[in-house]
Amino acid sequence: MKKPITKLGNWLKNVAPNPESPSRIKDPLSKKNRRKPPKPRGRGSRLRIIPLGGLGEIGKNMLALEYDQDIVVIDAGIMFPDENMPGVDLVLPDFTYLIEHRDKVRAILITHGHEDHTGAIPYILRYLNVPVYAPKLAHGLISAKLRQHRSLNNIELYPIVSGTTLDLGVFRA
């Protein structure tokens, strides 16, 4: 049985050198080559990346970015049930964290119009009163979905085009 490789440098010793590359390759795992994490700006300020769904599964794509008193949500999708879920029509991501911190949520940003990225919007907007920004096609699909759910009243849904910059609290998207 071979001994496991613990450092990238050990593996690199067995690789034939490329004549076009520098003769010395840095080992990214060595202490001197590791990047130090940036220092927090304020007391305890850190960017928190909170996957609320879609991690390690297909569907329910939803991610929250939190910094200080601001949260921006990226996508709000559903997952369709499999054969092991009789009687279930759709599966929502767990957005309890967003409801508990609703005063910090600045917006929901949609990447594209697939159901696994937009399907949960009508359900989340029952609890959160935040603007939703989406590309033009996704905007149209979401508008139809909100009409179907009779949830279009008082919803801020904005189409965005490539190159648009949004200021959402401390976030710029």
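**Aromatic pairs and a lysine**

Guide: With a relative accessibility of 8%, Phe 95 counts as buried, a word that means under 20% relative accessible area, with exposed over 50% and partly exposed in between (1.4 Å probe, protein chains only). This is a predicted model in which local features need pLDDT of at least 70 and side-chain atom pairs count only at pLDDT 80 or more, while totals for chains, interfaces and linings use all residues. Residues are numbered from 1 along each chain as its sequence is written, and side-chain values use heavy atoms, leaving out hydrogens and water.

Visitor: How many aromatic pairs does the structure hold?
Guide: There are two, where rings of Phe, Tyr and Trp (its six-membered ring) pair if their centres lie within 6.5 Å, and planes under 30 degrees apart count as stacked, over 60 as edge-to-face and the rest as tilted. The rings of Phe 95 and Tyr 127 have centres 6.1 Å apart and planes at 50°, so this pair is tilted.

Visitor: And Tyr 127, buried or partly exposed?
Guide: Tyr 127 counts as partly exposed, at 45% relative accessibility.

Visitor: What about Tyr 133 and Tyr 158?
Guide: Their ring centres are 5.2 Å apart with the planes at 25°, so that pair is stacked. Tyr 133 counts as buried at 14% relative accessibility, whereas Tyr 158, at 34%, counts as partly exposed.

Visitor: Switching topic, what is Lys 104 in contact with?
Guide: Leaving aside neighbours within four places in sequence, Lys 104 is in contact (heavy atoms within 4.5 Å) with Glu 66, Asp 68, Gln 69, Asp 70 and Ile 71. Lys 104 is buried, with a relative accessible area of 11%.
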